[in-house]
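The following paragraphs lead the reader through one part of a structure. Please keep the sequence and the model in view while reading.

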Amino acid sequence: MERIPILKMGAFLLVTIQIDLYDRLALDLEEDLVKMVEQTSVKGVLIDISAVSIVDSFMGRILGNIASMSKLLDAQTVVVGMQPAVAITLVELGLPLNGVSTALNVEKGMHLLRSMMDFNGTDQEDGYSSYD
Amino acid sequence: MFINIIKTLKNNKGEILELWMKNQLADSVLTEELISHQELRKQSEELVNALVNNLNENNINDSQSPDFDQVTELLGGISISRARLGFSPRETGSFILSLKEALLEILKQESSNVKELFEETLKLSRLLDNFTILTFETFIKGREELIMRQTDEITDISTPVIKVWDGILALPIIGTLDSARTQVVMENLLQEIVKTGSGIAILDISGVPTVDSLVAQNLLKAVSATRLMGADCIISGIRPEIAQTIVHLGIDLSQVITKATLASALQYAFKSLRLEVRKTASEPTGINK
């Protein structure tokens, strides 16, 4: 069965969605991701959706859910690389994803996650600083 | 006595043209400013020829007949070009209506039988009225195209996205922000954000005359979409009257960074990019260099 890979990079989990999500896949991703956050006890999740060109309200909700669930497990979520058309669609659908942090690309997303963790006073021993 | 209307018209083509030209030129509104008399004569001659040559017993009651394709094509071309040149509807209308007058004049010379004359007149009138309607339809269509094109042009030029600094985009909005324009503004802005990789966008609304709840909602949409892309959005150029309206209408802009002027928005942007603008220690030498 098709799965979206979740990669661990230092103190973060990196998910790049390379295909258009359908409902089942999105639900699987949600489940896998929350499990991974729990297992690896990472402090940040980076979701790259630069290749996603179609979203619907369900997908918007899943992204929101992932962010809220990760937060419960003490991990920050950053969604990066959203395409203009996708952003406009989400806004028109009335889903501005208020709980989710966003960044322009993976690089800036990493930077944001790092600064968020600094802000939260998390200790720097997790090894993520080596990815500068 | 029976008059053959078609034959009469065919034999009197020259006279029709002369009469028509006389009628057209008698209309004092028609000046040579927009079209020269020679040009007008050429147009008229073509039309008379097309009409009279294609007219026969069968199609005189049917203006939709394919025989008249040449006529409708000519008429369409003339009215579209007139719409673009800025002719008034009156000028365009009298062009074809004065042809009717000329044709009837010829008929009158041919017959004195009132009943017959009336019937033929009726037929001819009906045909030419249809052509008049066609002329007007095309004229209005031409004008509407013109208006549409201008609207498009205004929309295009009125939403420039300016890169004010590395990582800072500014978008001055001039004019009312309706839903269609919000769409254009948003698309332009988001595309530019992707292209330049800018982290901050400043929406300057100094040029927006009024902000009602709909405009505010559209602004919030643009801000949300920018945020989803991963950039910060600042709204600047809020005039005191607009601030009053926003509060009176109960619009909540507390989630949005708002600044009074573009300058303070820029200052904020510099600060969040950890840039600073300051005076140099020494006097600048040769500023004109």
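Strand E3(B) and strand E4 (residues 232-236) of chain B pair in the parallel sense over five bridges; strands are DSSP runs of at least two residues and helices (H or I) runs of at least four, numbered from the N terminus, and two strands pair if DSSP finds at least two bridges between them. Within E4(B), B:Ile235 is the bridge partner of B:Leu203. The chain passes from E3(B) to E4(B) through helix H8 (residues 213-229) of chain B, in a right-handed β-α-β crossover; right-handed means that, with the strands pointing away from the viewer, the path from the first strand over the helix to the second runs clockwise.

This is a predicted model, in which local features need pLDDT of at least 70 and side-chain atom pairs count only at pLDDT 80 or more, whereas totals for chains, interfaces and linings use all residues. Residues are numbered from 1 along each chain as its sequence is written, while chains are lettered from A and ligands numbered from 1 in the order in which they are written.

E3(B) also runs parallel to strand E2 (residues 168-174) of chain B, joined by six bridges. Here B:Leu203 is the bridge partner of B:Leu171. E2(B), helix H7 (residues 179-196) of chain B and E3(B) form a right-handed β-α-β unit.

Why is strand E3 of chain B largely enclosed by the rest of the structure? Six of the eight residues of E3(B) (residues 200-207) are buried, so the strand is largely enclosed; a residue is buried if 20 or more other C-beta atoms, placed from the backbone, lie within 10 Å of its own, exposed if 12 or fewer, and partly exposed in between.
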